[in-house]
Amino acid sequence: MESISADRRNELVAGATASRWKLELRDRYGIDISRRAADPEAAKAVRAQAVEATAARAAAGVVMRRIKTISEPASEYMRGAYEFSSQLVEAGEDIRWLPRRLASSLFLPGNDMFVIDGAFVMFNLHDGEDGPAGQQWDDDPALVARCRDAFEAAWAVAVPHRDYTPLA
């Protein structure tokens, strides 16, 4: 497993040519919600960039699938993520929600992961305050296969965005 920079991770994600699968396992990330509320225009600009990038990848034929694992009732952070996810779905990303009650029989990695083009995996590491703590990359075929299998198993039980409403 190789440690990589955030910039390298972003390059690899942007370089996907066939598929980008992402599994998110956390209920909160180190993003200050109050700061977003204090500067809604900046938050809106960041979200617009994400939607634009998603639409461009979809137009290029990249199949984007994302699973968002969620505790119920949902945190304030995840309720906001749910609302924003509708825009990403409209832009071309297929998003499913995995309530933790449906995940108990699954074997999932310990960190959020990407499977890019079915060829390599990346993991996002987080610290105890939910902030970024590094990224890892690996193309070991056995590890990639385990990650693909874990993603597919979770995908099979996760609920499509259009059919899911977070419990408050």
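Helices and strands here are DSSP runs, numbered from the N terminus. With that in hand, let us walk through this predicted model, starting at E93, which sits in the loop between α4 and β4 (94-99). Is E93 buried or exposed? Its relative accessibility is 2%, and buried means under 20%, so E93 counts as buried. The side chain of E93 has a partner there: a polar contact of 2.8 Å links it to the side chain of R20. Setting aside neighbours within four places in sequence, E93 touches R20, T54, M64, R65, R66 and L88.

The axes of α3 (residues 40-59) and α4 (residues 76-91) come within 8 Å and cross at roughly 25°. Angles under 35 degrees count as roughly parallel, so that is how α3 and α4 are described. Their crossing is right-handed.

Now for some backbone details. In the loop between β3 (63-70) and α4 lies P73, joined to E72 by a cis peptide bond with omega of about 0°. Further along, D117 has a positive phi, near 55°, in the loop between β5 (112-116) and β6 (120-126). D130 also has a positive phi, near 75°, and its loop runs between β6 and β7 (132-138). At 28% relative accessibility D117 counts as partly exposed, whereas D130, at 11%, counts as buried.

Technical notes: Residues are numbered from 1 along each chain as its sequence is written. This is a predicted model: local features need pLDDT of at least 70, side-chain atom pairs count only at pLDDT 80 or more; totals for chains, interfaces and linings use all residues. Side-chain values use heavy atoms; hydrogens and water are left out. Axes are lines fitted to C-alpha atoms, for helices over the stretch in contact, and angles run from 0 to 180 degrees between N-to-C directions. Helices (H or I, at least four residues) and strands (E, at least two) are DSSP runs, numbered from the N terminus. Angles under 35 degrees count as roughly parallel, over 145 as roughly antiparallel, 65 to 115 as roughly perpendicular and the rest as oblique. A crossing is left-handed if the near helix is turned anticlockwise from the far one by less than a right angle, and right-handed if clockwise. Buried means under 20% relative accessible area, exposed over 50%, partly exposed in between (1.4 Å probe, protein chains only). A polar contact is a pair of N or O atoms within 3.5 Å; within protein, one must be able to donate a hydrogen and the other to accept it, and residues adjacent in sequence count only if both atoms are side-chain atoms. Contact means heavy atoms within 4.5 Å.
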